[in-house]
Amino acid sequence: MTMRALTIDAHGGLDQLRVRDDLPLPTLASPDSVRVRMKAAALNRLDLWVLGGIPGVTIQPGWVLGSDGAGVIDAVGDAVQGIAPGDHVILNPGLVDRRCRCEYCRDGDQPLCLTYGIMGEHRHGTIADYVVVPAENVRVIPDTIPFETAAAFPLATLTAWRMIVTRARVQPRDHVLIWGIGGGVALAALQIVKHIGATAWVTSGSPDKLERAQRLGADHLLDHRGPDLGREVRARTAKRGVDVVIDSVGEATWSQSLVALGKRGRLVTCGGTSGPFVQLDVRRMFWNQWTLMGSTMGNDEEFDAMTALFRTGHLMPPVDSVWPIAESAKAFERLASGAQFGKVVVRL
């Protein structure tokens, strides 16, 4: 039997995208694996990077794209318990060798393990009719949640959860600055910050996105098209600054992030979409006693905690648009445009 999938044979532009219907149907890899009939897969900025090429990451022809997804359990291995065919599930896109006993795995911090990889980047991805993963990588969700919404949830929310809850340890009294509202991580960060009860400052160059963010609970709106956003934050906080900055942009925003950051402030970054290299006046860092942190993905405990809130409707990702797999190139164009507010989803 064969299946459809969105693939690339080489790195490049959108012309490399190809929907194939002749890929072999995956079989259960081990007694503790499950096969999921995928119903929807959400795009991430990572998919654009994989398409264009990531240094150190190699692909083979027929590489299946996509990291996020939701679907229905189709088959389970003999050792799988608590999951059955017909269950609606979401996928944790981070895969790790569960037999590993390195110091990070012993601590339950799988993303730091040398065997850790992300679907679509290091392993074949989720934009396919069927996907086989370890049972540890799926979580059952209510049948009432649309698959398009479920597919939009895992990667961005897991990334934001670790940044806010685990790394920055945001408290209700904190003021949190979130760059680039409209993207998946930024919107997940806004929802998590408001769930905690903290004060959210969000930035965008789009008045429409700022207005929509306000309807989602954003407390302070900032137009980041100007050159002095950090000073504006200082002025509006009586020179105090914010307690936490969530920055995934990198070079273009780093200096303003530090201007906005108050004493004892925590800056957390999960990416560098505008460039990887930043500058820092170490005197300001030690004088203000800042904590500057990197963060990526999350572990099983974090995935469980955020999924519990998803099941009850307390965290629900906005969906920007939904495209059939035959129009995947248009979905990639939408994501690349930066005009989206919420996740871009491919329906299978």
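Beyond its neighbours within four places in sequence, S328 is in contact (heavy atoms within 4.5 Å) with L6, L17 and V346. The model is predicted: local features need pLDDT of at least 70, side-chain atom pairs count only at pLDDT 80 or more, and totals for chains, interfaces and linings use all residues. Residues are numbered from 1 along each chain as its sequence is written, and side-chain values use heavy atoms, with hydrogens and water left out. S328 lies in helix α11 (residues 328-337). Helices (H or I, at least four residues) and strands (E, at least two) are DSSP runs, numbered from the N terminus. The relative accessible area of S328 is 1%, so this residue is buried. Buried denotes under 20% relative accessible area (1.4 Å probe, protein chains only).

Strand β12 spans residues 199-204 and is mostly covered. Six of its six residues are buried. T199, W201 and T203 point one way from β12. A200, V202 and S204 point the other way. In a regular strand, side chains alternate between the two faces of the sheet.

β12 pairs in the parallel sense with strand β11 (residues 175-178) over four bridges. Pairing requires at least two DSSP bridges between two strands. L177 stands opposite W201 of β12. From β11 the chain crosses through helix α5 (residues 184-196) to β12, in a right-handed β-α-β crossover. Right-handed means that, with the strands pointing away from the viewer, the path from the first strand over the helix to the second runs clockwise.

β12 also runs parallel to strand β13 (residues 220-223), joined by four bridges. L222 in β13 is the bridge partner of T203. β12, helix α6 (residues 207-215) and β13 form a right-handed β-α-β unit.

Conventions: Buried means under 20% relative accessible area, exposed over 50%, partly exposed in between (1.4 Å probe, protein chains only).
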